[in-house]
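Please open the structure in your viewer and keep the selection tool at hand. The tour goes from one selection to the next.

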Amino acid sequence: MAAVATSIIREKAGVPAYHQVPETKYELDWADLVTLDLSQFDKPGGKQKLATQLFEAIQKIGFFYIINFGLTQEQVDRQFAIGKEVFQLPTEEKLKYRADLENGGYNGYKPLGLREVKPGVYDNTEIYNIPKFIPAFERPHPDVINANRQDIEAFARHINDGVVGKLLVLFAIVLELPEDFFLQRHRYDEKSDCHLRYMKYHRRTAEQNRVLENVWVKGHTDFGSLTLLFRQPVAALQVRTPEGQWKWVRPYPQSITVNLADSLEFLTNGFLKSSIHRVVAPPPDQADIDRLGVLYFVRPEDSLELRPVVSSVLERLGYNKTTDGSAVGITAGQWVKARVARGVSKDKPRSDVSEQEIIGGKAAKYYD
């Protein structure tokens, strides 16, 4: 009966079921990442055990997996299905919802080919960002989003409450802060640039990949606190190790891949390091597949100054001195908006950029 009901709902919403593509059969140089089982969170001693694992993960590479996060594969695939339908809309329809990227606005549609990645070669990504479901961020959306709003909102709110909330508690435990320390700086009802993202990497030709040396998105860090990537079977994501090596991120079954981002690095004076990652051409058996993604970006409240927190852990480990890398005087909202705007600037191809000033003397770095 449940399957029939689900089928009817899908038909009414006009969204066909989504089927994940097969994983690559190539044995790549996979990164060795820690896996956190969130089903342990509410068990006796569970939070402390997970915090210990998290501490190990952030010492190694700043990327980790989470499993048992309270969503079924069907619920996840439903979001992939909606995202696929969004990108199949006519271009003129999608452009009605274009994000105000040039002024730091990231909500809505980012068109294909906006950024020059190498001279004469443009990016192969389409993005649709859906902000938090609060009055401050009400905005028009395509019909396929409106028709499925209830599912989308439930999904996004579960990520915030049932996944992100637990991770923020674990980070507070790692730093020996009150458990709600980061929760109070990431409140859902306050303005921030948290968003659910549908993202499509269009396949490239062999000639395009040759010109790009197989690098689709140069090594970079993310803007906010955390990025959550729902399992993406098309292998293309790579993470940079502390030794400067690039390792592939395996699409671990029924997982979310999590990486740390800029705000947590600023707030901990460099102890929590914003993870460097890039996107490259998939292996040969996936070269002809468009790479569809569902992600959730976690960002602090816009008004939060990115001043290092006071933590006995940071003091013991020597991260309690303000450094040239600090963002004192810059708010989370200012940092995100400035990075978005600089990301679409037309001054030079991204391949020629290794460092880009963002705001207040702070720069973002890019890596080959």
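The stops below visit a helix, a strand residue and some aromatic rings.

This is a predicted model, in which local features need pLDDT of at least 70 and side-chain atom pairs count only at pLDDT 80 or more, while totals for chains, interfaces and linings use all residues. Residues are numbered from 1 along each chain as its sequence is written, and side-chain values use heavy atoms, with hydrogens and water left out.

Select residues 46-60, which make up helix 2; helices (H or I, at least four residues) and strands (E, at least two) are DSSP runs, numbered from the N terminus. Colour G46, L50, A51, L54, A57 and I58, which are buried, meaning under 20% relative accessible area with a 1.4 Å probe, protein chains only. Viewed down the helix 2 axis, these buried residues fall within an arc of 120°, so they line one face of the helix; the arc is that of the directions from the helix axis to the C-beta atoms.

Next select Y201, in strand 7 (residues 195-201), which is buried at a relative accessible area of 7%. Although Y201 and E126 are 75 residues apart in sequence, their C-alpha atoms are 6.7 Å apart in space.

Then show F155 and F230, an aromatic pair (ring centres within 6.5 Å) that is tilted, that is, with planes neither under 30 degrees apart (stacked) nor over 60 (edge-to-face): the centres are 5.2 Å apart and the planes 40°. Because F155 lies in helix 6 and F230 in strand 9 (residues 226-230), this pair ties together parts 75 residues apart in sequence.

Technical notes: Expected span 1.5 Å × (residues − 1). Buried < 20%, exposed > 50% of the residue type's maximum accessible area, 1.4 Å probe, protein only. Phe/Tyr/Trp six-rings, centres within 6.5 Å; stacked < 30°, edge-to-face > 60°.
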